[in-house]
Amino acid sequence: EEEEEEEEFCPPGCDPALYEQVCELREKRLDQEEVLGEFQKAVEALKKDKESLVKKDKVMDTALKQTEAEIQQFQTFKQQRLNELHVVITLKMHQVRCLVDGKLPPDLSHTIVFTNLGLRRLRERIDELKDEKEDLRKNQKLLRKQHLQLLKSKKYKEARLKELEARARD
């Protein structure tokens with residue numbers, strides 16, 4: 001402040017126009033430094049805001065995950081309770097089929113009710129699994145044959161290697 005109050009004079013031997021330009025440039029530089037300082041303060045404030053928002057976001061994510069887990073747990077509990085309910089279904093005799101012995105059992109409390117489409121899909125899946133099992137057995141058989149062939153090849157090559165090593169020593 002003392003420097004600003006002191007009047008600046010053009011040094012002797014210096015062009016006054018040049019001195020004025022230097023003074024103007026110095027003022028501009030000081031103004032720019034002030035603006036830069038304000039920007040840096042604003043940037044620091046924004047960084048602090050960002051950090052606090054990131055922390056809040058993490059807290060909210062944790063709370064959201066916890067809430068979703070609680071909702072899933074509740075849904076599971078609710079489904080378990082619903083599965084315990086006994087349901088009465090009215091069926092006509094032509095809709096009932098017994099898959100064991102073709103006779104209607106005296107107690108239907110342990111029966112399952114589903115559509116013909118569902119039964120057909122189950123039967124198709126059984127056939128698919130049989131085919132898949134057969135394919136896997138064939139593949140296993142081929143792999144065993146390959147394994148045996150590789151073992152024979154290995155023995156032959158080991159014998160050949162010993163023979164060559166013996167020849168190389170002689």
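Select glutamate 33 and arginine 29 in this predicted model, which lie four residues apart in helix α2 (residues 16-84) and are therefore separated by about one helical turn. Their side chains form a salt bridge in which the closest N and O atoms are 3.5 Å apart. Glutamate 33 is partly exposed, with a relative accessible area of 44%, and arginine 29, at 48%, is also counted as partly exposed.

Stay on helix α2 and move to arginine 81 and glutamate 84, which are three residues apart and so again separated by about one helical turn. A salt bridge joins these two side chains, at 3.5 Å from N to O, and arginine 81 is partly exposed at 49% relative accessibility.

Next, go to helix α3 (residues 116-169) and select arginine 160 and glutamate 163, which stand three residues apart, or about one helical turn. Their salt bridge spans 3.1 Å from N to O, with arginine 160 partly exposed at 35% relative accessibility and glutamate 163 partly exposed at 40%. Across the model, the count comes to five salt bridges.

For the last stop, turn to the largest pocket, which holds about 1000 Å³ of space. To find its centre, select Leu91, Thr111, Ile112, Val113 and Phe114, the closest to that point of the 26 residues that line the pocket. Colouring the lining by class would show 16 nonpolar, eight polar and two charged residues.

Methods
Residues are numbered from 1 along each chain as its sequence is written. This is a predicted model: local features need pLDDT of at least 70, side-chain atom pairs count only at pLDDT 80 or more; totals for chains, interfaces and linings use all residues. Side-chain values use heavy atoms; hydrogens and water are left out. On a 1 Å grid over the protein atoms alone, a cavity is a set of points where a 1.4 Å probe fits but cannot get out, and a pocket is an open set with protein on both sides within 12 Å along at least five of seven lines; lining residues have an atom within 4 Å of a point. Grid points are joined across faces, edges and corners, and a volume is the space filled by probe spheres set on the points. Ala, Val, Leu, Ile, Met, Phe, Trp, Tyr, Cys and Pro count as nonpolar, Asp, Glu, Lys and Arg as charged, and the others, Gly among them, as polar. A salt bridge is a side-chain nitrogen of Lys or Arg within 4 Å of a carboxyl oxygen of Asp or Glu. Helices (H or I, at least four residues) and strands (E, at least two) are DSSP runs, numbered from the N terminus. Buried means under 20% relative accessible area, exposed over 50%, partly exposed in between (1.4 Å probe, protein chains only).
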